[in-house]
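These are my notebook entries on a few local features that I looked up in one structure. I took them one at a time, beginning with a loop residue.

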Amino acid sequence: MTFRGRLILALLVAALLPLIVFALGVRRELSSGVALAEETANRRAVGQVQRALSTEGARIGDRLDVIARDLARDARTIRALAGDADARRWLIDYAASTASTAGLDAVQLQDSSGTVLSASQFRNLYGQQEPILPQGDSARVWLARTPTGTAPVLARSATVPIPGHGLRLTGGTVLDSAWLATLSPDTAIGIAMRLPGDSAPAQSTIAEFSLPLAAAAGAESSAHILVWRHASGIAELRQGISQKLAVALALSGIVAAVLALLLGARMSRPLKDLTERAEQVDVDHLDQDFASGRSDEIGRLSTALGAMQHRLGRSVAQLRDAERRAATGDLARQVNHDIKNSLAPIRNVLRHLSELAASDDAPALRQVYREREATLTASVAHLEAMARNYAQLSPKLAGGSVIVSGVLRDVVRDIGEARVGVDIPASAGNVAVAADAPTLRRILHNLISNAVESLPHGAGAVTAGIEVQPSMVTISITDTGRGMSAAELDRAFRDFRTTKEAGTGLGLSSVRRLVMELNGSLRASSSPGAGSRFEVSLPHAAAGDPRP
């Protein structure tokens with residue numbers, strides 16, 4: 001993320017986080033206050049409903065007591081019970097006329113056997129058997145039969161004081177939704193009744209209480225009065241605060257983003273300029289001007305960059321001087337190593353000639369000279385080739401092709417070590433590789449010389465072989481010397497790594513470099529006490545390449 005992006009993010013967090021925390025705290029406090037007020041209002045509403053039901057039950061009881069006393073004093077009641085036809089017709093219509101006068105929705109008169117003598121809600125109940133509502137001090141729910149079914153009625157029961165007849169008068173108010181709504185003056189409060197078998201309401205109730213229920217078969221159970229609140233003030237409050245918070249957050253975010261963009265642009269412009277100038281600094285361009293004339297943090301950064309550039313210039317100069325000295329030393333070591341290896345066969349020839357000269361055997365001396373003249377000539381030519389290569393700043397390979405077996409035999413002969421054997425199959429006798437003779441000679445001379453030097457004094461053997469493959473020719477050098485561990489073998493190919501007292505540590509590193517320049521590969525394997533094996537694989541010479 002860029003500096004400007006981080007700055008914008010930081011300002012947004014700094015602007016919005018306190019606002020969010022404040023808004024959530026306000027919403028929590030307001031929600032707690034509204035919840036407490038709603039709880040108080042709910043308790044008050046439930047109390048009002050209970051008091052209204054209790055008051056209505058008492059009113060119904062008072063009305064029924066008055067109706068029962070009036071009915072007992074009316075002479076037509078006695079005549080109707082005695083069988084008078086006119087009085088009976090009066091009694092059948094009595095409940096309907098009395099219910100409207102008394103302010104009741106349902107009035108029913110029954111004898112002691114439960115036979116209906118008069119019913120305001122359903123005239124045709126006359127003469128039918130109905131359960132008798134138990135008499136008590138509190139109201140209960142009575143399922144009164146109507147022409148269309150049954151209706152729940154908040155009812156009371158009273159005894160008509162006529163000796164010997166046991167008349168029972170039942171009446172009350174129908175518990176429909178319109179009447180239930182009048183029980184609480186709070187319009188946000190909803191009230192309903194649930195009878196046995198009804199499904200649970202979808203609303204979350206705040207209170208529920210039961211009333212005794214006189215079922216159709218006369219069995220006692222319960223009806224439930226449910227009270228709930230239509231709309232919660234807490235939900236409305238939270239929704240309103242959330243909407244206002246979203247608007248405030250959006251406005252604050254926009255303002256913070258604009259300020260962050262302006263501030264970021266003001267701060268990032270000088271930093272961008274410093275960055276562009278710093279990107280132009282390298283070891284060949286250490287002349288950038290970082291002066292800014294500012295006294296703030298950016299000014300101090302500019303001063304620090306200028307000082308760093310000055311120190312870098314001094315360090316580059318010192319490093320280049322050290323590199324020149326190191327390159328000169330490396331070149332001297334490489335020249336020393338190559339000349340020493342090239343002088344070895346000349347030294348061997350001269351030693352042999354010196355021995356014959358001491359014996360005064362002139363014919364043998366001439367014979368040996370003729371035999372070893374080619375070795376002397378080749379060694380001198382090799383030294384001249386190396387001199388030409390080192391005269392160039394970057395030596396280049398001569399290219400061309402060379403017959404592997406010839407170079408291998410020449411190197412083994414020049415080394416003059418009897419413990420070195422050559423295993424060249426007939427199929428490899430005339431195989432050429434894409435290389436120049438001096439380079440291949442250096443590779444083989446280094447590998448075979450190292451193998452001979454690894455042998456114990458007076459024992460062991462070195463075997464040089466050639467294997468022809470479809471696209472490559474592999475030259476293997478195997479010895480039975482002391483061998484190397486995995487760690488020693490890994491370090492053997494590094495420059496200036498040697499286990500010899502007078503060694504330069506450039507032999508194997510030079511071999512690897514020369515093999516890579518010939519587009520070949522070098523593989524090595526070794527084990528302590530079991531000797532080592534080096535394999536040099538070089539590509540076949542292309543058809544038509546000149547061969548030396």
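This is a predicted model: local features need pLDDT of at least 70, side-chain atom pairs count only at pLDDT 80 or more; totals for chains, interfaces and linings use all residues.

I placed Asn519 in the loop that runs between α11 (507-517) and β14 (521-527). I then read its backbone torsion: the phi of Asn519 is near 60 degrees, a positive value although the residue is not glycine. I noted for context that most residues other than glycine have a negative phi.

Thr146 is located in strand β3 (residues 140-146). Leaving aside residues up to four places away in sequence, I listed Gln121, Phe122 and Ala151 as the residues that Thr146 touches.

I next turned to Ser476, which belongs to strand β13 (residues 472-479). At 11% relative accessibility, Ser476 also counts as buried. With residues up to four places away in sequence again left out, I found Ser476 touching Thr463, Ala464 and Gly465, as well as Arg533, Phe534 and Glu535.

For helix α2 (residues 75-82) and helix α3 (residues 85-102), I noted that the axes come within 7 Å and cross at roughly 110 degrees. Angles of 65 to 115 degrees count as roughly perpendicular, and I therefore described α2 and α3 as roughly perpendicular to each other.

Which residues meet where α2 and α3 come together? On the α2 side I found Arg76, Thr77, Arg79 and Ala80, and on the α3 side Ala87, Arg88, Trp90 and Leu91. Sorted by class, this contact of α2 with α3 has four nonpolar residues, three charged residues and one polar residue.

I checked the span of helix α9 (residues 437-453), which has 17 residues. From its first C-alpha to its last, α9 reaches 24 Å, close to the 24 Å expected at 1.5 Å a residue. How many of the 17 residues of α9 are buried? I recorded 13, so α9 is largely enclosed by the rest of the structure.

Terms used
Residues are numbered from 1 along each chain as its sequence is written. Side-chain values use heavy atoms; hydrogens and water are left out. Axes are lines fitted to C-alpha atoms, for helices over the stretch in contact, and angles run from 0 to 180 degrees between N-to-C directions. Helices (H or I, at least four residues) and strands (E, at least two) are DSSP runs, numbered from the N terminus. Angles under 35 degrees count as roughly parallel, over 145 as roughly antiparallel, 65 to 115 as roughly perpendicular and the rest as oblique. Contact means heavy atoms within 4.5 Å. Ala, Val, Leu, Ile, Met, Phe, Trp, Tyr, Cys and Pro count as nonpolar, Asp, Glu, Lys and Arg as charged, and the others, Gly among them, as polar. The expected span of a helix is 1.5 Å times one less than its number of residues. Buried means under 20% relative accessible area, exposed over 50%, partly exposed in between (1.4 Å probe, protein chains only).
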